[in-house]
Amino acid sequence: MSNTQGNSIFRLRPETLQTATPPPLAPLATDRGEKPYNRILIVLIGFGLMGLVLVAQLVRYQALGKRYQVLSGSAAAATVDPLLPRGGIFDRNGNPLALDSYAYEIKAAPKEIAEKDLPAVARRVAPLVGKSESALLAELEAHKTSPYLVLHAGAGPEVGEEILSWGVYTVTSTPKPVRYYPEGYLFAHGLGFVNRERVGFYGLEGRFDGFLRASTTTTRWQAAPQPHGAAAAALPDSPFLPTFVQQDLILTIDRVIQHMAEETLRAAIAEYKAEGGTVIILSAADHSLLAMASAPDFNPNDYGNVADIEVFVNPAISKLYEPGSVFKLVTFAAALEHGVITPQSTFLDEDEFVYGERVIQNWDKKGRGEVTATEALVQSLNVTTAKIAVEVGRDAFYKMVRRFGFGQITGVELFGEAPGIVKMPGKGSWYPADLAMNSFGQGISVTPLQMANAVAAIAADGVLYRPHLLHQMIDGEKVTTVEPQPISRAISAETAATLTAMMVEAAANTPTVALPGYAIAGKSGTAQIPLPDQGYVDDLTITSFAGFFPADDPQFVILVKLVRPQNSRWATWNAGALFQTIVRHLIQLHSIPPDAIRLGLQPDTESETP
Amino acid sequence: MSIRPARIAQAKENGLNHSLDYPLLILIAALIGFGLIMVFSASYAFAYVNTGNALHFFLRQVIWTVLGVIAMLAALSIDYRSWRALALPIMIFTIGLLVLVLIIGQVRFGAVRQFFEGSGQPSEFAKVSIIIYIAAWLTSRKQNLTQISYGLAPFAVLLGLMVSLIVAQPDISTSMLITLTAVVMFFVAGAAWIQVGLTLLLAGLTFGVVITFSAHAQERIQIFLQTIVNPFNTTNFHLREAIYALVEGGVFGQGLANSVHKQPPGLPAVHSDSIFAVVGEELGLIGSLLVLALFFFFAYRGMRVALRAPDDFGTLLALGITTWLVSQALINIAVITATFPFTGLPLPFFSYGGSSTLANLIGVGILLNISRGGGGGIDLSAYSRFWRRDGRTRLSDPDRGGSPARRRRAASGSYARDRD
């Protein structure tokens, strides 16, 4: 189809083939080629199709836009007024964790001020912006032709409101809401931060960005009824600021417990020379989070000044780790639930157990001979746990893993939760050896909150709940209270009670954890950290301890996790000690009497029943 | 219908008749007028806050438009075939400018793109000269175009050389636009389908590499993917403002000059790259569809000029100019509607900008010259026909007394009563 004989690059009409090439600049000269109609038509059709896509997009925004926003739940974001303050975030006792206040930008318009008026303006404005009269006059004269000159970037409400009340355009005051976190570092990972463009990122600020921007506003610059809402008290009483219905979040976090958790974690990290760590404290009564602390953390008031933006990511819900022996609780729960073991069943604990071409050993590479199931959990024996898992069977084991909530997000009201990695049988990456490895928490990745929540299910008679840290959402008059929300039953109440008793044994035999007078249920875990090219390295560990107390009537579920502690790589030492410190603090804060006194004080209802 | 034997004879001789494309000229006038109104409306608040003069940008744009129209008339009066002979010198000059801007240009918006305080962007003129050069090159290669070694390979090398200079600024969006235009020209010039496929593949790979190694580009692609799903929650502040402006506009708009998002600090680049969002907010869906319709009509007229051009060079040149302006408009609108990754291309005839206005109007001038089949000098008789096409004199006639309504009022004596 190439026309090697024609003058034209386009196909020639037969009758024009003999026409000689005309001189190049002759008027209306032509090489009379047949024009490429089809190809140009294709180009036009291409433009047309692209145009149709744009028409569709424009119709989507401009004809359906407002409805679309309502559907996508971002109506509030669409009508955001740059002057509106964001809603506040408060702890369970009403202490503010995040608030808006106003800063006033004071500007002059030297160009609009008559030359003779400059001294008078300087005299009146100088004391308000904290400058001397002569300095201000010099500054105004130097910028005589400028349309604006910033005199004070962030003045307080007294100065700002005073200038606003003058109502002149030569010296103006512009209020701008500024986000403020009164507690600084406290609960930073949970809160997130608000950037200069007033967009919330990470944590609650990111997750509830649309909600926290107030939804309803009256016209700007009008005297109007005062705003209401819990955070409004922090705002200046001004006729110039917009009125609004504020939307606040009340959390289940307890400022005091959160502070205690952060301080003890910080001390433990310093003492054990760890790289980081996490503490989660859940209320066993309603499955709400009382504290969620991680280190290293950041100050949301100064979010721009961090060395590495990775620090914004909340390790408690977004960073995966291999839980190690704490995960044995799931294996034992499955075994008890399916009647494979009782606490007294005996097993032969050998030096090595080979399963699926993988050699399983205990931490000290020594077998213990004949042991009971309880002893296996107390001494955290990998060999026996793997044998139990094999006896439980592949399907029943992984079903239990899912029922405890692993491999799926917990649904806590935070931004960026990770679901964890659970390799399931039948998928390409799963090998039979994984069953034995997973039984003691290696080769499986979870988040600290998932692990804490699974332990909370044992404390709650076997029912898995959705953990929550939102107590109330306040939208003007409308208050939505978050209730505890059961997801499903993981194990029977009997299994939960049996497992709790075994956990009490385990905790009692951990000297760093055991506390005279209090029955604590818990389990330690030391997981080796797999490195990409070396596999598991003995010296790099993540140590953790998860448990609850009092064992007979759980009030607090606690998980502590330390990353790469240097002094001792075993959880029974460092994580156990941190766990015990937190338990001691909680006992003090909530005045929990020792078990004997508490149970003695309670009326013995069972003996009174006939 | 009057029969004009001379025209018919001429048409017979040439296969087509060649007279200035008046609908295209009227369309251009409409686009320029519409664009100037929008530049004023979009820029006055921003201009007042930043310079103290609300007319700052508008007046500059008026001056550039006047210069542009002069340049357009000049281009219109130059036989387009002379560009073919000048293609190489123009190209060398352009490459020189591009190299110069890399060496001494200023950094603005994170890229080195211009001379003289933002009023000279050589890559705007590069668009015109590259199109001229490619049209000349493709015409001279004619028969051998379908061979890989003779057609595609030199074409790719040529294009790669020119585009890489612009990528280096870095101005990825202009490079993309030039590549797209060149590929369309190559395709219409008679490239085999496999060549078009290969070229697209090569272009895709090149931009893949650029995007992989440029954090600037990568970030924008990521934001785009996030945005296309839920444009209302994009983290790109610029895009969010633009979309909210469109949504605020609704079907009928807020009314000319009533945009809220243009008020600083609001929509960034409000009178340049984002001006379409202001059109959408002030004139609504009706206004934004009108802009699309005007550009589609431009595409149709431009392609018509290409098909009726007296020679291959004219066809390719008209095609190239039309493709450039229409694609640039479509990409700009696609960016503002979150249909395309964020990039800074101005909307032709609307966006504020000296070099782009000048370059666009030069391109249009060449296109208009092709529509009248080349020929030097301005055909004055064509102008007189245009102004007097209805055959009536334009002088006001006091005896006829203006509009029918006024005549009626005058006859009934209502004027006299009004004065009492």
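**Ground rules.** I'm reading a predicted model, where local features need pLDDT of at least 70, side-chain atom pairs count only at pLDDT 80 or more, and totals for chains, interfaces and linings use all residues. Residues are numbered from 1 along each chain as its sequence is written, chains are lettered from A and ligands numbered from 1 in the order written, and side-chain values use heavy atoms, leaving out hydrogens and water.

**Cis bonds, chain A.** I keep in mind that most residues other than glycine have a negative phi, and most peptide bonds are trans. I found a cis bond between Ala295(A) and Pro296(A), with omega about 0 degrees. Another cis bond links Phe549(A) to Pro550(A), with omega about -15 degrees. Pro550(A) sits in the loop between strand 21 (535–549) and strand 22 (556–563) of chain A; strands are DSSP runs of E, at least two residues, and helices are runs of H or I, at least four, numbered from the N terminus.

Tyr202(A) has a phi of about 60 degrees, and I looked up its accessibility: partly exposed at 23% (buried is under 20% relative accessible area, exposed over 50%, partly exposed in between, with a 1.4 Å probe and protein chains only). Glu357(A) has a positive phi too, near 65 degrees. Glu357(A) is exposed, at 83%, in the loop between strand 13 (353–355) and strand 14 (358–360) of chain A.

**Helix pair, chain B.** Which residues of helix 5 meet helix 12 in chain B? Among them I noted Ile131(B) and Ala135(B) from helix 5, and Leu316(B) and Trp324(B) from helix 12 (contact means heavy atoms within 4.5 Å).
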